[in-house]
Amino acid sequence: MDVVVQLQRQLADHTASLFHEGFLNDQFNQLQQLQDESNPDFVVEVVSLFFEDSERLLNELAKALEQQAVDYKKVDAHVHQLKGSSSSIGAQRVQGVCIPFRNFCEEQNIEGCLKCLQQVKHEYSLVKNKLETLFKLEQQLIAAGGSFPTL
Amino acid sequence: MGAAVDHVIPIGMSRGSVEGNDKSQGQRFSSKSKLTALVVDNGGVCCAIQTALLRSYGVGTEAVETGGAAVELISSGATFSLIIIEMLLPFMNGPETAKQIRAIGAQSKVLGITAFFDERDQQEFLAARADDFIEKPLSLEIVIPIIRELNN
């Protein structure tokens, strides 16, 4: 089978599964629509920014929750940013964990917060992995001389 | 749009003109007069996405990371059709920023935005004379009616 067709199929299947399994939602589609000839790397750029930002926030959260006297206002601010950014790129599962996380934070429930931190780290690494695979497939497709629809 | 100010434009957005990639030709409508917007958010991801979304509809958009920078920009003469302000900002929060922006005479449509919708925050923003308050993400469904409204 033609390499291009094969890659297109792989890409389509992978993308479909990301939506089907709830990792991504329609907001991600909206990002793809913002990409065009004048802004050709928009999605990769913004998702890379999301990765950097999330990793920073997850580290800050771990640090904040390790303290003797936890500053819950700080924790709340980090969770707030994480929910904002994940919802903005359509990382639905990461966004979802932020909701109970924030509730535990308001209750000053350290165990609940630590559990949510583990969960959000887990969801983050899953979606990161899958998005990296998505981008790799896109690169392979372009290298093979194909293209993928951005609309 | 006023004095040159050293403001933060997220990666990928600073390709010369503030117009960015104008999709308004391909849309069902386009900005009749030139609309402008200011995004006030210290989260890089949200900033980048909100800016790109607005620019794709032909809205000349700038972004700053603090309420102070927004106030400075407007005090120096910049005017905006729309100002989107995040609730949790460092130093001076969203509602305080909205209050100060109104105090210096800005007549823009002011939209408070936040990660977690909260009625207290909504009340705070509205008391500060913001026009509306929404939960992130800023999406097409929200932007399109606003642009229509500003065009009329």
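In this predicted model, the contact between the two chains draws on 30 residues of chain B and 32 residues of chain A. Together, chain B and chain A bury about 2500 Å², with 61% of that area on carbon and sulfur atoms. If you look at the side of chain B that touches chain A, you will find 14 nonpolar, eight polar and eight charged residues there.

Which elements of chain B give two or more residues to this side? They are α1 (44-56) and α5 (140-151) of chain B. Of these, α1(B) gives the most, with eight residues.

**Polar links across the interface**

Seven residue pairs are in polar contact across the interface of chain B and chain A, counting pairs with both residues at pLDDT 80 or more. Side chains of opposite charge can pair when their charged atoms come close.

| Residue in chain B | Residue in chain A | N to O distance |
|---|---|---|
| Glu135(B) | Lys83(A) | 3.5 Å |
| Asp118(B) | Arg102(A) | 4.0 Å |

Where do the partners of the second pair sit?

**Inside chain A**

The C-alpha trace of chain A spans about 60 × 30 × 20 Å along its principal axes.

How do helices α5 and α6 of chain A lie against each other? The axes of α5 (residues 92-106) and α6 (residues 110-143) come within 9 Å and cross at roughly 170 degrees. Because an angle over 145 degrees counts as roughly antiparallel, α5(A) is roughly antiparallel to α6(A).

Among the residues that α5(A) brings to this contact are Val94(A), Val97(A), Cys98(A), Phe101(A) and Phe104(A). From α6(A) come residues including Cys113(A), Cys116(A), Leu117(A), Val120(A) and Tyr124(A). Sorted by class, the contact of α5(A) with α6(A) has 14 nonpolar, two polar and two charged residues. Arg93(A) of α5(A) and Glu123(A) of α6(A) also take part in the contact.

How values were computed
Residues numbered from 1 in each chain as written. Chains lettered and ligands numbered in written order. Predicted model: local features only at pLDDT ≥ 70, side-chain atom pairs only at ≥ 80, totals over all residues. Heavy atoms only, no water. Axes fitted to C-alpha atoms, helices over the stretch in contact; angles between N-to-C directions. Helix = DSSP H or I, 4+ residues; strand = E, 2+ residues; numbered from the N terminus. Parallel < 35°, antiparallel > 145°, perpendicular 65-115°, else oblique. Contact = heavy atoms within 4.5 Å. Nonpolar A, V, L, I, M, F, W, Y, C, P; charged D, E, K, R; others polar. Buried area = accessible area lost by both parts, 1.4 Å probe. Salt bridge = Lys/Arg side-chain N within 4 Å of Asp/Glu carboxyl O. Polar contact = N/O pair within 3.5 Å; in protein donor to acceptor, adjacent residues only side chain to side chain.
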